[in-house]
Amino acid sequence: MSGSANQRIAIVGGGLAGLAAAVRIAESGMHADLFSLVPVKRSHSVCAQGGINACNDIARQQGYSEYEHFDETIYGGDYLGDQHPVLEMANWAPRIIDLLDRMGVPFNRTSEGFRDLRLFGGSLFKRTHFSGATTGQQLLYALDEQVRRYEAEGLVKKYEFWEFLWPVIDGEGENSRCVGIVAQDLRTMQIRSFRADAVVMATGGPGLVFGKSTNSVMCNGGAASRCYQAGAWYANPEMIQVHPTAIPGADKCRLMSESARGEGGRVWVPRKPGDSRKPSQIPETERWYFLEEKYPKYGNLVPRDIATREIFDVCVNQGMGVGGGNMVYLDLTHKDPEYLTTKLGGIMEIYEKFVGEDPRYTPMKIFPAVHYSMGGLWTTFTKGSYNPETPYGSHKSGTATPIDSEPGRGMAIGATNNAMTNIPGLYAFGEVNFAYHGATRLGANALLSCIFDGLFCGLGVVNYVKDEVTPEHRAENLHASIYDRVVKQEQDKVDRLVQSASQGGSDPQTNPYQIARELGDEMTAACTVVKTHDRLTKCIENLRQLRDRYNRVRLSDDAIWTNQSLSFTRATGDMIILAELIALASLERKESRGSHYRLDFPERDDANFLKTCTGEYDPATGSHRILWREVDTSLVKPRARTYGKVEAAPEKKTIATANA
Amino acid sequence: MTNLSEEKTTPMIAPNTPEPAKSRTVRFRIKRTDGPGKNSRWESFDVPVEPGANVISCLQYIAANPVTIEGKKTTPVVWDSGCLEEVCGACSMVINGRVRQSCSCLIDQYAPNDGDVITLEPMTKFPVIRDLWVDRERLFYHLRKIQAWVPIDGTYSRGPGPREDPEHQQMRYKLSTCMSCGCCLEACPQYTLEEHEEKWDEAFVGAAVLSQARYFNEHETGKRLKSLRLDVLSGPGGVNDCGNAQNCVKVCPKEIPLTESIAAIGRSTTLHSITKFFTGK
Ligand SMILES: Cc1cc2nc3c(=O)[nH]c(=O)nc-3n(C[C@H](O)[C@H](O)[C@H](O)COP(=O)(O)OP(=O)(O)OC[C@H]3O[C@@H](n4cnc5c(N)ncnc54)[C@H](O)[C@@H]3O)c2cc1C
Ligand code: SF4
Ligand code: SF4
Ligand code: FES
């Protein structure tokens with residue numbers, strides 16, 4: 001069986017994941033409708049700074065391999081990532097870089113004209129490709145341009161300034177399938193349905209749930225929350241990455257990329273607490289390079305969760321932060337200013353613009369900030385051809401790898417369930433899914449996973465539409481009532497909100513902006529660096545109150561044209577539901593793993609919690625159910641995650657299967 | 001793991017500001033329009049300045065507290081933004097008469113005194129959607145028209161792209177940072193408001209698009225479409241419409257060498273026309 005000319009695929013989100021999917025789908029000759037809150041060229045991916053990882057010829061000659069990239073990613077993620085998909089991603093990475101290179105991405109070059117490389121967290125090899133310190137911008141533009149080409153050819157139709165509101169799902173239980181979406185034009189406020197034989201969610205992360213984060217303003221997780229409420233499972237919600245190095249502002253926290261440390265940046269505090277001297281006046285011997293001291297092997301490039309907790313410890317527990325506050329120095333002043341401009345120009349400018357000091361000459365003052373969600377919509381996959389009888393032990397650089405890097409070892413190429421959610425026909429690509437990064441994402445692996453999803457899993461979507469959607473099930477042949485029902489549901493929601501505006505009052509209790517602000521403060525306080533049973537329990541109670549208040553929310557704008565507060569308010573409700581799930585999962589995971597650190601359960605507990613935490617929503621009662629699913633650990637055995645820490649008791653964690 | 005104390009879990013992400021800045025307010029005068037074709041009006045708001053405040057955080061304050069200085073309740077102001085760190089290009093607006101990004105407009109630097117006034121208006125070269133939000137689709141239309149892409153042979157593996165001299169890479173990199181913000185178009189005397197899509201083929205493409213044409217013409221594979229691009233740019237709305245006023249380069253937040261790009265495209269189109277004249281191709 002093969003598809004008909006009227007078959008269409010809806011892609012929601014035009015960041016790297018959505019654009020890569022659009023290119024792959026259009027290339028196969030199939031039509032794609034591409035939805036985005038903003039012109040796709042302005043998607044959040046534009047913010048990515050540091051780079052994108054892939055094994056490369058230089059690293060290979062030093063003993064590195066795709067396999068080691070895979071191994072690092074699994075170890076970095078504290079074994080919570082399903083292993084087959086990660087293997088496939090690492091194997092494809094070099095091909096993805098080559099492709100981006102062919103698309104014209106201005107990757108930094110060596111003097112001979114080869115692609116330059118830099119060091120990044122969680123690796124001892126240079127395996128990060130970059131374009132200044134605005135790599136995401138350059139990659140996004142390259143894919144945007146390719147999509148523009150297919151747009152000109154008529155294969156991609158863009159719906160920019162359209163908001164995804166709800167998936168259209170036909171049938172019940174086992175037989176349910178996603179057959180389209182309902183969306184709203186944010187200018188005219190028109191709500192309508194779009195028929196599609198498959199829907200790809202590529203809507204990015206939920207940073208705004210935490211108020212100020214390093215994310216863009218549209219990263220509210222609303223779209224993911226709506227899919228969750230409509231029956232899609234949401235996995236590992238508690239795995240939120242707090243990035244160690246950001247600068248705070250009134251509206252957001254601006255990231256100072258890990259590449260600053262990759263290019264030699266050193267983190268330190270004065271040895272004397274509260275030392276009031278200028279950093280340049282503090283001699284070398286009176287500086288405490290605590291990361292380098294505790295992690296001689298990885299130094300400043302330990303993974304983010306570890307760096308963040310160490311900074312927390314130094315500032316909060318030991319009171320050693322700069323000027324007694326919660327901040328540490330990130331110092332690049334020992335590097336040649338011109339070198340810094342070429343390699344890190346983008347972030348140098350951001351720091352200069354927003355702090356007013358030149359980091360080439362003055363050490364930056366930085367703090368941790370919420371950055372990335374490893375968790376997301378649950379997705380599945382078909383295993384590839386590598387299925388060893390027993391998982392491999394610890395891999396040593398330079399030794400033979402247990403398997404080569406041919407395509408199809410990790411995941412079956414073109415399998416229709418790759419990156420599919422539990423709802424057939426509904427896929428999740430990029431940051432919005434939970435795959436690949438386990439309990440901590442390594443720097444420069446996100447851009448890779450987004451593009452990998454789009455290209456590799458995009459093929460499976462095309463195959464699904466061609467081979468598994470039978471003619472009578474095609475969206476074009478379905479009854480209009482299936483779509484009209486969802487349009488009505490969303491129209492009713494909007495009407496309710498718009499009507500609330502007439503009820504007047506400027507009560508902060510029911511002000512959506514106030515509710516969103518309190519939500520962010522609460523989530524940042526309870527669900528980030530350090531979590532405890534008591535604080536999480538209180539958080540869940542506070543969220544319940546916020547939900548009550550939200551149910552009485554009052555809009556301050558009843559316009560039927562370009563009503564931004566309507567969109568904001570609607571998303572706030574969805575953010576609260578996602579927040580509840582994050583808090584609940586944080587409470588239920590009674591162990592510490594990667595980015596999830598429980599003060600009352602400080603050890604990793606593989607026997608009980610080497611499992612994917614999966615949330616299921618019950619729309620009837622508005623409650624969440626948590627189920628624990630097996631993690632695919634069939635390729636490498638879990639080992640202690642210490643990053644070579646030296647201290648009296650470097651690692652207290654007991655690991656069930658650590659004798660590898 | 002390091003011993004982390006419980007009672008201190010809260011202050012982490014929001015760093016403590018030891019001495020809260022002296023509280024002061026800034027007055028915003030904002031030009032408001034309810035929708036296309038509607039009359040505009042001015043409204044003023046007093047906004048308390050938070051540490052690290054920028055125009056966006058003040059607009060966020062107004063959205064949460066939409067009350068004018070006369071005490072009149074109004075609707076939240078509508079505006080466009082994204083990254084909040086000057087890389088997405090969304091938030092361009094006319095601030096005190098000059099077009100710029102609003103996210104990088106820091107209040108402490110821009111309006112340091114109590115009661116300072118900041119005037120916000122939408123860009124004038126694009127149709128207003130509502131308040132400060134304008135429709136820049138014409139820019140993307142013109143990018144399609146000049147075929148602003150590298151014509152690759154599909155996304156399957158074919159080895160690496162062309163090798164590139166680092167100096168050339170740096171030049172292309174600079175051009176590649178254009179975030180389609182439209183500041184250069186707003187400032188250009190030759191670029192005029194054109195609401196109707198049917199007129200866009202004749203209307204001036206502007207500096208950003210000329211510079212993007214150069215960007216793609218400079219790539220080994222991108223070059224293949226060079227003569228098609230130059231055909232477009234030597235016609236109506238192309239490089240000959242530029243009056244060389246150089247306003248564009250002065251307002252580009254990414255400091256893109258726009259006049260160099262315009263000159264380069266000008267030379268290429270001249271050469272292209274001569275070649276065409278003599279070869280008939
Ligand atoms: C400051 C910063 C720096 C980073 N640096 C790096 C780095 O150096 N290397 C790295 O690997 N990773 C980095 N990351 C992470 C990486 O940038 C992101 O994970 C990645 O870009 C996410 O891409 P995406 O395609 O999944 O989603 P996004 O780029 O977030 O795109 C989401 C898309 O969905 C659309 N959308 C969302 N909701 C809706 C809705 N309801 N309706 C319609 N459309 C919707 C949006 O408009 C947008 O087009 C960084 C992240 C940040 C915040
Ligand atoms: S140089 Fe040309 S493009 Fe630039 S402002 Fe002047 S007329 Fe406009
Ligand atoms: S050239 Fe500069 S001013 Fe013009 S759109 Fe690009 S970034 Fe903006
Ligand atoms: S919000 Fe992206 S440039 Fe200002």
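Biologist: Which side chains does the polar contact of 3.2 Å at A:Ser586 join?

Modeller: This is a predicted model, so the distances are those of the prediction. The contact runs between the side chains of A:Ser586 and A:Lys531.

Biologist: Where is A:Ser586, and is the residue buried or exposed?

Modeller: A:Ser586 sits in helix α15 of chain A, residues 564-588. Burial is read from relative accessible area, and under 20% counts as buried. A:Ser586 has 0%, so the residue is buried.

Biologist: With which residues is A:Ser586 in contact, leaving aside neighbours within four places in sequence?

Modeller: A:Glu238, A:Cys527, A:Lys531, A:Leu536, A:His596 and A:Arg598. One of these, A:Glu238, also belongs to a network of salt bridges, along with A:Asp78, A:Arg589, A:Glu591, A:Arg593, A:Arg604 and A:Asp606.

Biologist: How many salt bridges are there over all chains?

Modeller: A salt bridge is judged by distance: a side-chain nitrogen of Lys or Arg within 4 Å of a carboxyl oxygen of Asp or Glu. By that rule there are 70 over all chains. A:Glu286 and A:Arg277 form one, with their closest N and O atoms 2.5 Å apart. A:Glu286 is partly exposed at 32% relative accessible area, and A:Arg277 is partly exposed at 28%.

Biologist: Which parts of chain A does the pair A:Lys294 and A:Asp313 tie together?

Modeller: In this salt bridge the closest N and O atoms are 3.8 Å apart. A:Lys294 is in helix α8 (residues 290-294) and A:Asp313 in helix α9 (residues 304-317), so the bridge ties parts 19 residues apart in sequence. A:Lys294 is buried at 8% relative accessibility, and A:Asp313 is buried at 4%.

Biologist: How many salt bridges does the rule find across the interface of chain A and chain B?

Modeller: Seven. One of them joins the side chains of A:Glu151 and B:Arg144, at 3.2 Å from N to O. Helix α5 of chain A, residues 135-153, gives the most to the side that touches chain B, with nine residues.

Biologist: Where do A:Arg109 and B:Glu164 lie?

Modeller: A:Arg109 is between α4 (83-102) and β4 (117-118) of chain A, and B:Glu164 is between α3 (137-145) and α4 (166-176) of chain B, so the pair joins two chains. Their closest N and O atoms are 4.0 Å apart in a salt bridge. A:Arg109 is buried at 9% relative accessible area, and B:Glu164 is buried at 8%.

Biologist: What area do chain A and chain B bury between them?

Modeller: An interface can be read by area and by contacts. The two chains bury about 8200 Å², with 55% of it on carbon and sulfur atoms. In chain A, A:Arg42, A:Arg102 and A:Arg148 lose the most area to chain B, together 10% of what that side buries. By contact, 100 residues of chain A meet 92 residues of chain B.

Terms used: Residues numbered from 1 in each chain as written. Chains lettered and ligands numbered in written order. Predicted model: local features only at pLDDT ≥ 70, side-chain atom pairs only at ≥ 80, totals over all residues. Heavy atoms only, no water. Contact = heavy atoms within 4.5 Å. Buried area = accessible area lost by both parts, 1.4 Å probe. Helix = DSSP H or I, 4+ residues; strand = E, 2+ residues; numbered from the N terminus. Buried < 20%, exposed > 50% of the residue type's maximum accessible area, 1.4 Å probe, protein only. Polar contact = N/O pair within 3.5 Å; in protein donor to acceptor, adjacent residues only side chain to side chain.
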